[in-house]
Structure formats: C-alpha cells, structure tokens
Amino acid sequence: MLRRRLVVPMFSSKRPPEFAARGVLFGIFFAFTPLVGVQLAVILAFWSFVRAFVPRWDFNLIVAMAWIWTTNVFTLGPIYYGFVLTGQVMLGRWDEPLGYDAFSSRLHELLAAKPDASMLEEFWYGTVSVLDAFGLPLFLGCVPWAVGLAVAGYFWSLRFVRRRNEARAARRASRRQHRQFVRHTV
C-alpha cells in the first residue's frame with residue numbers, strides 16, 4: 001500500500017522528474033510541521049498559490065498529498081515530542097527536560113475529546129491547547145526537521161525517478177532492438 005500511495009504517483013507523470021520531486025519536497029515539508037489535521041488544506045492552498053504566482057515551482061499535488069500522510073494522528077505524539085525537544089535545545093532550555101511519558105500524557109490530556117463539542121470545536125480547542133502548552137518550542141523545533149527532511153526527500157526522489165526513467169528507457173531501447181533484429185532475421 002505504501003508503495004502504491006507514495007512511490008507509484010511519482011512515475012505516473014509525463015512531466016520532468018523535478019515536478020514529482022517538488023511534490024515530495026513540499027509534501028514532506030508540510031508533513032513535518034505542527035499542522036496535523038489541516039495539512040491537506042494547507043498544501044492545496046499552497047499549490048494554488050504556486051500555480052498562480054510562481055508557476056516554475058509547480059509540483060505534483062497528488063504526490064505532495066501522499067507524502068503528507070507520513071505524519072498523522074497516530075504518529076503525532078512522537079513527532080511533536082521530537083519537535084518540542086529540538087525547540088528546547090534551540091532555545092537553550094537545557095534545564096527543562098521533558099520525558100516522553102510526561103509529554104505524551106499531557107498531549108493526550110490536551111487533545112481529550114469534550115463530550116458536548118462538535119468535531120470542529122474539538123479540533124480548535126485541541127490545537128489552541130497544544131499551542132498554548134508547547135507553542136514556541138514546538139514551532140521552532142519543527143523547522144530543522146521540516147527543512148532537512150524535505151530537502152533530503154527532494155534529492156532522494158529526484159534521483160529515484162531519474163534512475164527509474166533511465167531504466168525504463170533502456171528496457172524500451174532493448175525491446176526495440178530485439179524487434180528490429182527479429183524483423184531482419186525473418
């Protein structure tokens with residue numbers, strides 16, 4: 001399933017490999033921000049902006065949306081914890097160590113469902129609560145992760161797609177030569 005959702009869309013485009021690689025870049029970038037829950041809306045808005053104002057940065061939206069799902073509500077705890085720790089280190093807060101168990105229980109407490117709230121109200125309350133509790137370290141700590149992983153993803157996918165395209169071109173050339181050989185020998 002992962003291969004079908006994350007890898008196959010990179011090859012289905014007739015566009016240059018950079019088009020898919022930019023999709024991976026922006027998908028991973030937005031995946032590793034504290035925007036879990038609104039990432040798809042954010043990437044759609046960003047894609048619309050890019051297409052309207054910076055068309056040379058256009059990217060494969062399907063690929064970007066697939067890579068956004070590398071982070072989700074199931075991976076939220078460990079990823080946000082990594083962001084908070086990284087942010088605390090970047091802020092020089094060495095004296096405020098926060099263990100994962102304490103962080104996880106606090107996060108679950110903040111995201112706990114309110115019995116009389118709608119889904120949108122729950123989302124809003126949870127987001128505001130998490131930002132209030134972990135705000136600056138969370139947002140600051142996500143920056144090196146988002147940028148680093150996005151750049152690595154761009155170059156990995158660019159290399160991957162180029163190699164796949166080269167291998168496909170070599171197979172086609174080999175088949176073409178074989179057909180020509182068969183025609184001339186018959």
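**Notes on a surface patch and the main pocket**

1. Valine 143 counts as partly exposed because its relative accessibility is 43% (buried means under 20% relative accessible area, exposed over 50%, partly exposed in between, with a 1.4 Å probe and protein chains only). Valine 143 sits in helix H7. A word on the basis: this is a predicted model, where local features need pLDDT of at least 70 and side-chain atom pairs count only at pLDDT 80 or more, while totals for chains, interfaces and linings use all residues. Residues are numbered from 1 along each chain as its sequence is written, and side-chain values use heavy atoms, with hydrogens and water left out.

2. Together with Val147, Val151 and Phe155, Val143 forms a nonpolar patch on the surface, with about 340 Å² of accessible area in total. Patch residues have over 30% relative accessible area and no salt bridge, and nonpolar side chains are joined within 5 Å.

3. Now to the largest pocket, which has a volume of about 630 Å³. Of its 26 lining residues, Val36, Gly37, Val73, Phe123 and Thr127 are the closest to the centre. A pocket here is an open set of points on a 1 Å grid where a 1.4 Å probe fits, with protein on both sides within 12 Å along at least five of seven lines; lining residues have an atom within 4 Å of a point.

4. H7 gives the largest share of that lining, nine residues. By class, the lining of the largest pocket has 19 nonpolar, six polar and one charged residues.

5. Finally, glutamine 88 belongs to helix H5 and counts as buried, at 8% relative accessibility. Between glutamine 88 and leucine 138 the C-alpha to C-alpha distance is 8.4 Å, although they are 50 residues apart in sequence.

How values were computed
Points joined across faces, edges and corners; volume = space filled by probe spheres on them. Helix = DSSP H or I, 4+ residues; strand = E, 2+ residues; numbered from the N terminus. Nonpolar A, V, L, I, M, F, W, Y, C, P; charged D, E, K, R; others polar. Patch = residues over 30% accessible without salt bridge, like charges linked within 9 Å, V, L, I, M, F, W, Y side chains within 5 Å. Areas by Shrake-Rupley, 256 points an atom, 1.4 Å probe, with all protein chains shown as cover. Salt bridge = Lys/Arg side-chain N within 4 Å of Asp/Glu carboxyl O.
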